Amino acid sequence: MAARILSGRPVVESLHARIQQVLARRAPHQGPPTLTVLLPNDPSAQAYARAIRKQFTTLRLDYCTVDIDDTLDESRFAILLKRLAEDESVTGILALQPLPKGVSRRSLARLMPPTKDVDGVSFEQQGRLAIGSPWIAPSTPLGGLILLQHYGIEVAGRHAVVIGRSPVVGRPLALLLLARDATVTICHRRTPDLAKLTRQADLLFVAAGQPHLVKPDMVAPGAVVIDFGVSVRDGRLIGDVDPAVAEVASALAPVPGGTGPVTTAVLALNLLRLAGLLEENDLFPGAP
Ligand SMILES: NC(=O)c1ccc[n+]([C@@H]2O[C@H](COP(=O)([O-])OP(=O)(O)OC[C@H]3O[C@@H](n4cnc5c(N)ncnc54)[C@H](OP(=O)(O)O)[C@@H]3O)[C@@H](O)[C@H]2O)c1
């Protein structure tokens, strides 16, 4: 069987059309929402920032960057976020990884102002998601679900297996799947016999950051596989799923070309939400 390839491109086009409609509806005196990106000196982060800039320019959304580096300790990071929280010209804030050495993910969760938290990293947004009442969800996992929805792939009642439990991808993804009535199994490095679990998946989501971790014999025939992993090898992007999985799966969102571009479009959607331009349930149709 040759898997249907779930390309992110048509999903991005449809999200862009929706974003443009929403922007066209805003009052003439309202300027475009503005995203401030905290940008480390790191090639992956800078490539991601360029991709955001490109999409935001197309959408005529405002975008600016603030450079961050390891000289920024936690107290100076807190001052920076407080200044951005008070700045009325800033709609959303995105802190790209890697964070400065003195700032943990936990500190970011505590310090990020929830009303400007475009990627759902703050304790408040994470907590809302955990109790099944999300307002802003991290863009990567939400993008994965929007991609499935775009291709008409059912989530409710199916067994979803997620490899990865980080607060950025795996964990919020599992919670979003649960909110959509999937039965969810979460795997991590201490999971014994990973393949035994992945073979039970109707829907397999992979966010481990381990190139080609998932091989064809780890996938049930006909399963849907969504790859989030991004590694760079010999200057090329490489995912967590071996491309040969396409011979077993019924559908595959590959790397590159699957979830990556959707993440950036969802970031723009999240920004509209922070700007008060989207209705309460726009991003979570059917959420409890
Ligand atoms: N598509 C996008 O837009 C997008 C956005 C963000 C990130 N990503 C990519 O997604 C991947 C994951 O990112 P992240 O920030 O979640 O990474 P992370 O913080 O390093 O988390 C990786 C997770 O995978 C688990 N894991 C690693 N190796 C494993 C193995 N062999 N078996 C089972 N579980 C394993 C880890 O388990 P433990 O918890 O036990 O350590 C951890 O929970 C990376 O490649 C990243 O570049 C893509």
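**Close-up 1. Helix α1, from end to end.** Helix α1 (residues 9-24) has 16 residues, and its first and last C-alpha atoms lie 22 Å apart, close to the 22 Å expected at 1.5 Å a residue; the expected span is 1.5 Å times one less than the number of residues. Helices (H or I, at least four residues) and strands (E, at least two) are DSSP runs, numbered from the N terminus. This is a predicted model, in which local features need pLDDT of at least 70, side-chain atom pairs count only at pLDDT 80 or more, and totals for chains, interfaces and linings use all residues. Residues are numbered from 1 along each chain as its sequence is written, and side-chain values use heavy atoms, leaving out hydrogens and water.

Close-up 2. Look here for V11, V12, L15, H16, I19, V22 and L23, the buried residues of α1 (under 20% relative accessible area, with exposed meaning over 50% and partly exposed in between; 1.4 Å probe, protein chains only). Seen down the helix axis, these buried residues fall within an arc of 130°, so they line one face of α1; the arc is that of the directions from the helix axis to the C-beta atoms. They pack against α2 (43-59), α6 (139-150) and α9 (259-274), with contact meaning heavy atoms within 4.5 Å. Exposed E13, Q21 and A24 sit on the face turned away from the buried side.

**Close-up 3. The open sheet.** Six strands line up in the order β1-β11-β8-β7-β5-β6, with parallel pairing; two strands pair if DSSP finds at least two bridges between them. Four bridges join β7 (residues 203-206) to β8 (residues 224-227), and V206 stands opposite D227 in β8.
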